[in-house]
Amino acid sequence: MHNQAFAALEYRELRNLVRRGAQTPMGRERADGLAPLPELADVRREQRAVSECVYLRRQNGAWSFSEVADPAESLALLRIEGATLDSLKLLELARLCEQAARARESIQVEREACPVLWEVIAGLARELPTLASRITLKILPSGEVDDRASPELARTRGEITRLRSDIARSLERLMRRAEEAVQDQIVTLRNDRFVIPIRSDHRGRVAGVAHGSSSSGATVFIEPLETIEANNDLQALREREEREVALILQMLTDELRRELPAIEEAARAVTELDFIRAKALLAERLDCVEPAIDESGLLELVEARHPLLEENLRETGKAVVPISFALDSSHPVMVISGANAGGKTVVLKTAGLLALMALSGLHVPAQRASIPFYASILADIGDQQSLQANLSTFTSHITNIRSMIESCRPPALVLLDEVGTGTDPEEGSALGVAVVDYFRRSCGAHVTATTHYSGLKMYAASDEGVINASVEFDERTLQPTYRLLVGIAGSSAGLEIARRFGLPEEIVHEAEARVKESTREAAEYLRRIKRESEAAENLRRALEEERQAVAEEYASVSVEAQQREREREAEFARELRQQVEDFERRSQELLSKVEDRTARARVEREAERRTAELRREAERVTRDRAARTRTNEQSRGVRVVRRDKDGTAHQAFADDRTAPQAAAERREIVAGDRVQLPALGTTGIVERLSDGEAEVLVGSLRFREKIDRLELLERTPPKEDGGRGARLQRMASQGTEFHLRQSDEAASTELNLIGRTTDEATDAVDKFLDEAYLHSLNRVRIIHGHGTGALRRAIANLLRTHPHVASFTPAPPEQGGAGATVVELRQ
């Protein structure tokens, strides 16, 4: 990378933004060394690490480091055999180990979703928490060694406490005896020995050793003779305490020295994690995305924002105007023109700084971004004139461009601000075209250049590989909007800006008179193109809004239609329930006519079974009707609303398809014909006709409907057996006498469901239980297998609510174990 580009694109300020998020000295040092990475794999790895950290923060808050000091000095001492760490440095290393272990735990929970972060901490020793606890158990947070660090230390400090108390009591008694000689009734310390304050004029009243006087000379601090021996003993105890503390610190240091590789790994992991967290905080703060590091040579920025500009404007409450553009192998050059102070240079800096961010492993502030793995990012932005180096504006630009040509290595991004400026406009324009074209053809670079020269605008308009762009300028307010308009060259609007900034009007008028007619026409032509482009864009937006409104209107109509259909289905379901209830009522009437108790029990079981069949059939018909309704909606011109990726709604209508025509010619409906009931959306067999109405058998259900509302489908011979339930109903309604007889068929005590779906299995079990109940069986076995357990759960749910089931349990091991269920039936 070119050093000039780092300065021109303000990369140091970007490092400072990252640095703000670091919590440790090591993390801040890493942020200060932030730079583009040399390998594509490293770039992608760093990008993924930031994405995983953002994900973890949203899931459980990720990790955080507090009060972690730089361990470099402590680690250096640990490498020196025999060196001892003081208590505070031991605590710092314990805190490092403890927080590294805590970070490991937070990442381990999401290790599958965060493989890069797991790689960072996978090598951490599991003994780190134990190592940290051994230190914190012996050293208090203040840095003082705990009394319980060793039995000897506890014993010594206990003796010190007792001896101090004895000395204090002795001195207090002495002060009471010589009260008139004592300055203050306070025992104090001088030279680590207990003394009492005596008035200077009463010095002879207390025999002892003087340890100095007050600043005024009015008080002398005396150690009485009777406490000298006790003070000596106290000093000896303190020395013993210091030796024991030093021994404990040496022991703890040796423990850490034995675990030096693990501590160094913890320091490395904490440094890396803190740096990653700082980058993730910046990504969250600026609403960044992970850029695609593209190997095909596509540079695409969608709704991109300059991070430093956004950070500065955040304090004022203003928002950055985002930019969008794309460069690829077919269009590697973009020439930006337009008004001064309109944002042309900001576009260059945004593109350059975001490319550096992406290659440094940072997310970029944009809605979407694709950035090539550039080997060179080169920039000539700003005025580098220097009196000391004898460089003018023009020569400084040329010197920098020459250096860029020497440094250029493909793939490259070249940013040229006001290329060719500072000399004769005609020569500067020609030179600008030549420089841009050289970087494009000889270096294979993506080139973005700003200009006011017509020559460069014409070059962009005439070359298919070059994109014309401009920054928008509002001619009504004479203010820039900072929007980047791709595909349109812009007018410099220099005279309008001069007028806006207060240049005397007579000067502006004189300048306007001196502008060449062709130049004025070109400027006017550019303004007209801009106005027409804006009109076309406004029209497109209006049409899009209208289309969206139409889509929403049709969507509301669709919702209303669906609501009406749901109401019809609910009414149909109610009618079916009523039919089932009617059947149950007629069955009860039939049972009341049966006198024999055994016969009544069998008839009652048969009625229960048929009722269950009716309910199942009603549910099936309801489901079929709902499915046909959905199919009809899709096949009869029902509106379908679809949305593009951008959320735009579009309306589509399916082709109208009519139902198949009746195969038979229209004629009078007779018993046995198959007909369609439009009101129910189903078909059935006509059983009888009377008074303009027909009884239609639909599965196990019978409906009455007016004949003129039926549609004839085909002539079918009537079935002799409409089902035992149906015959039972007809006999009951006609008052037919009947006799019950024992079935010759033996009921099975076992049902094998393996290979069936849950719906098929539950229907089969229901019927199986009815048959078993009618045959007065006490126990049956249902084989469902192990599998995924779905079939077993569905059978269990049915058995819990079945009226014939008294209890059920898994079969014994010799009868299939968990692969079968034994059912006890009610009697």
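**Cysteines.** I kept in mind that this is a predicted model. I searched the whole structure for disulfides and got one. The bond joins cysteine 408 to cysteine 443, with 1.8 Å from S to S. I looked up the torsion about the S-S bond of this pair too: it is about -95°, so the disulfide is left-handed. Next I checked where the two ends sit. Cysteine 408 is in the loop between α14 and β11, and cysteine 443 is in the loop between α15 and β12, so the pair ties together parts 35 residues apart in sequence. Both cysteine 408 and cysteine 443 are buried.

Cysteine 53 is buried, at 0% relative accessible area. I also looked up cysteine 288, which is buried at 14%.

**Serine 150.** I found this one in the loop between α8 and α9. Is serine 150 buried or exposed? It counts as buried because its relative accessibility is 12%, and the cut-off for buried is under 20%. Leaving out residues up to four places away in sequence, serine 150 touches Glu244 and Ile248. With glutamate 244 there is a polar contact between side chains, at 2.7 Å. A polar side-chain atom of serine 150 also lies 3.1 Å from the backbone nitrogen of leucine 153.

**Helix α6.** At its start, a side-chain oxygen of aspartate 86 comes within 3.1 Å of the backbone nitrogen of leucine 88.

How values were computed. Residues numbered from 1 in each chain as written. Predicted model: local features only at pLDDT ≥ 70, side-chain atom pairs only at ≥ 80, totals over all residues. Heavy atoms only, no water. Polar contact = N/O pair within 3.5 Å; in protein donor to acceptor, adjacent residues only side chain to side chain. Helix = DSSP H or I, 4+ residues; strand = E, 2+ residues; numbered from the N terminus. Buried < 20%, exposed > 50% of the residue type's maximum accessible area, 1.4 Å probe, protein only. Contact = heavy atoms within 4.5 Å. Disulfide = S-S within 2.5 Å.
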